[in-house]
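User: I would like to go through the labels used for this model and see what each one rests on. Please set the values against the cut-offs.

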Amino acid sequence: MRLACWLVFAGCCSLTAGIEPISTSIAVGMAAALTGFLASYQNVLYYFHECCRPEWISFNKTGLKYDLDTKLYGQHVAAQVILKAVTGFMKNENPKKPLVLSLHGWTGTGKNFVSQLIAENIYEKGMSSSFVHLFTATAHFPHEVHINTYKNQLQDWVKGNVSICPRSMFIFDEMDKMHPGLIDSIKPYLDFYENLNGVSYRKAIFIFLSNAGGENIVQVALDFWRDGREREEIQLKDLETALTLSVFNNRNSGFWHTSLIDKNLVDFFVPFLPLEYKHIVQCGLSEMVSKGHVPEKEVVEMMAHDLNYFPKEERVFSMQGCKVIPSRLDFYV
């Protein structure tokens, strides 16, 4: 539709040039009227068709904070880091590099959910926006023998979409299943370059999701629990260094010896803590509401009690997190 608008404008230029016998005053009047009509027409198109404009892309800090505070359970560290990182980046009209976040933790702890919340508070259409691009290792890059082809495709995809909209978001799920070296192919786009071949990547957002490093995060949480310390005492500094080294040296992390870490291009390694029984109950109650049921705590507690926890005797942390709740809850409702 945007292309059609430009073609209309181009046609106007040709039409104006071909009506020389008409007096200048009439021509100017017609041109002004036509320009006004086309401007109105273009605004109508922008209203109905998603475009890379503020009408469709606008950061809602209040909305993101509310969502993180009320919908994300048991992740105080991640919530704080995400809010500050995204807010600081989106407020900066001239960032020096793209925002690069790497979210780590066991399955079901909220990594995909947080990506969704970020998208919903930047893009009018959320995850359905044509400017939000989700890649999963097993679906998009399944065969190691084709890694060179994948590298070229990934470079072309990122370049092409950022060329269309500088405020594009790229989410890479299952980084722990990504072939080593693949993610390095987009390293130049994440660096401190003003532009590459005429394209600036500085306003884009890259989010990596991975289970790698989850063991380190769990160990820190267990140590705090065994020392009798509150979960909320855990800070980013207690996890970040160990997490970074673990991911960098893990052949199955997708970041194994990657230049993204070596060159400090990942802005934040965001840890997602293992969830406790109380967090599973919170997730269950929210799921009941989303399914249109009246939340019943007894039903949710029954479901939560039947899930697996570790350590085996103490049953402190959930092994599945909140990921299985939508399907499990149907059994109890």
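Analyst: A helix here is a DSSP run, H or I, of at least four residues, and helices are numbered from the N terminus. The model is a predicted one. Helix H4 covers residues 76–91, and His76 is found in that helix.

User: Why is His76 called buried?

Analyst: Buried means under 20% relative accessible area. His76 has a relative accessible area of 18%, so His76 is buried.

User: What makes the pair formed by the side chain of His76 and the backbone oxygen of Glu232 a polar contact?

Analyst: A polar contact needs a pair of N or O atoms within 3.5 Å, one able to donate a hydrogen and the other to accept it. The backbone oxygen of Glu232 lies 3.4 Å from a polar atom of the His76 side chain. Setting aside neighbours within four places in sequence, His76 is in contact with Arg231, Glu232, Ile234 and Leu273.

User: Where is Tyr73 found, and is Tyr73 buried or exposed?

Analyst: Tyr73 is found in the loop between helix H3 (61–71) and H4. The cut-off for buried is under 20%. Tyr73 has 16% relative accessibility and therefore counts as buried.

User: Which residues is Tyr73 in contact with, leaving aside its neighbours within four places in sequence?

Analyst: They are Leu275, His279, Gln282, Cys283 and Ser286. Contact means heavy atoms within 4.5 Å. As for C-alpha atoms, those of Tyr73 and Ile280 are separated by 8.4 Å, with the two residues 207 apart along the chain. The Tyr73 side chain also reaches the backbone oxygen of Thr70 at 3.4 Å.

User: What is the volume of the largest pocket, and which residues are the closest to its centre?

Analyst: The volume of the largest pocket is about 690 Å³. Its lining has 27 residues, of which Gly108, Gly110, Phe113, Cys322 and Lys323 are the closest to the centre. At least two lining residues come from each of helix H5 (111–120), strand E4 (205–210), helix H12 (277–290) and helix H14 (325–332). By class, the lining has 9 nonpolar, 10 polar and 8 charged residues.

Terms used:
Residues are numbered from 1 along each chain as its sequence is written. This is a predicted model: local features need pLDDT of at least 70, side-chain atom pairs count only at pLDDT 80 or more; totals for chains, interfaces and linings use all residues. Side-chain values use heavy atoms; hydrogens and water are left out. On a 1 Å grid over the protein atoms alone, a cavity is a set of points where a 1.4 Å probe fits but cannot get out, and a pocket is an open set with protein on both sides within 12 Å along at least five of seven lines; lining residues have an atom within 4 Å of a point. Grid points are joined across faces, edges and corners, and a volume is the space filled by probe spheres set on the points. Ala, Val, Leu, Ile, Met, Phe, Trp, Tyr, Cys and Pro count as nonpolar, Asp, Glu, Lys and Arg as charged, and the others, Gly among them, as polar. Buried means under 20% relative accessible area, exposed over 50%, partly exposed in between (1.4 Å probe, protein chains only).
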